[in-house]
Amino acid sequence: MATITLGGNTAHTSGNLPEIGSQLPDFILTTVDLASQSLQDFSGKNLVLNIFPSVDTGVCAQSIREFNKAASNLDNTTVLCISRDLPFAMARFCGAEGLDDVVSLSDFKDGNFGENYGVEMIDTAFAGLLSRCVIVADQSGKILYTEQVPEIGQEPNYEAALSALN
């Protein structure tokens with residue numbers, strides 16, 4: 001269990017992020033058109049998992065914008081933006097913002113991603129949502145970088161995450 005803060009108040013997650021050097025746990029998430037995608041669908045690609053509570057908050061929206069901007073310049077890399085938002089909300093946000101260099105995925109159906117990755121918040125007003133994290137993995141699924149952002153209202157360290165791909 002990780003201890004983070006939400007507005008300065010202590011919050012906890014369901015577990016800890018997977019360890020650097022380990023393999024990404026498999027997942028099945030829902031796309032904006034309600035199809036299912038698994039880790040295997042991104043085989044052979046470097047992955048940046050931008051995990052966050054909701055597209056309808058300022059910091060979460062900014063993280064999608066920042067990673068979308070970076071994604072257009074990354075070779076053989078896919079940025080996955082993952083939350084518990086309904087796929088319709090993710091499609092609306094990305095469509096309105098013109099963000100088409102990232103893949104939006106939702107854990108709304110069963111919450112297995114949040115549980116398996118240890119990122120589901122278990123208390124505070126955001127209980128049930130995903131904490132703000134970044135995980136970077138190479139083409140084989142080996143984890144190169146992780147960041148559990150200590151305060152939900154802070155942006156992740158984009159530079160550190162992206163430099164892990166070099």
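**Aromatic pairs.** I counted rings of Phe, Tyr and Trp (its six-membered ring) as paired if their centres lie within 6.5 Å, with planes under 30 degrees apart as stacked, over 60 as edge-to-face and the rest as tilted. F27 and F113 make an edge-to-face pair, with 5.9 Å centre to centre and 80 degrees between the planes. F27 sits in the loop between β2 (9-12) and β3 (28-30) and F113 in helix α3 (residues 112-116), so this pair ties together parts 86 residues apart in sequence. F113 also pairs with Y117, and that pair is stacked: 4.2 Å centre to centre, 25 degrees between the planes. I note F27, F113 and Y117 as a cluster linked by ring pairs.

I took buried as under 20% relative accessible area, exposed as over 50% and partly exposed as in between (1.4 Å probe, protein chains only). F27 has a relative accessible area of 4%, F113 one of 2%, and Y117 is buried too.

**Basis.** The model is predicted, so local features need pLDDT of at least 70 and side-chain atom pairs count only at pLDDT 80 or more, while totals for chains, interfaces and linings use all residues. Residues are numbered from 1 along each chain as its sequence is written, and side-chain values use heavy atoms, with hydrogens and water left out.

**Nonpolar cores.** A core here is a set of buried Ala, Val, Leu, Ile, Met, Phe, Trp, Tyr and Cys residues joined through side-chain atoms within 4.5 Å. The largest has 20 residues, and F27, F113 and I82 are among those with the most contacts inside it. Strands β5 (46-51), β6 (77-83) and β8 (133-137) each supply at least two of its residues. I took helices (H or I, at least four residues) and strands (E, at least two) as DSSP runs, numbered from the N terminus. Another core, of 17 residues, lies apart from the largest one and includes C81 and Y158.

**β6 and β7.** These strands pair in the parallel sense over five bridges; pairing requires at least two DSSP bridges. S83 has S106 in β7 as its bridge partner. In β7 (residues 102-106), four of the five residues are buried.

**D85.** I found D85 in the loop between β6 and α2 (87-97). D85 is buried, with a relative accessible area of 9%. Its side chain makes polar contacts with the side chains of S54 (2.9 Å) and S83 (2.8 Å). A polar contact is a pair of N or O atoms within 3.5 Å; within protein, one must be able to donate a hydrogen and the other to accept it, and residues adjacent in sequence count only if both atoms are side-chain atoms.
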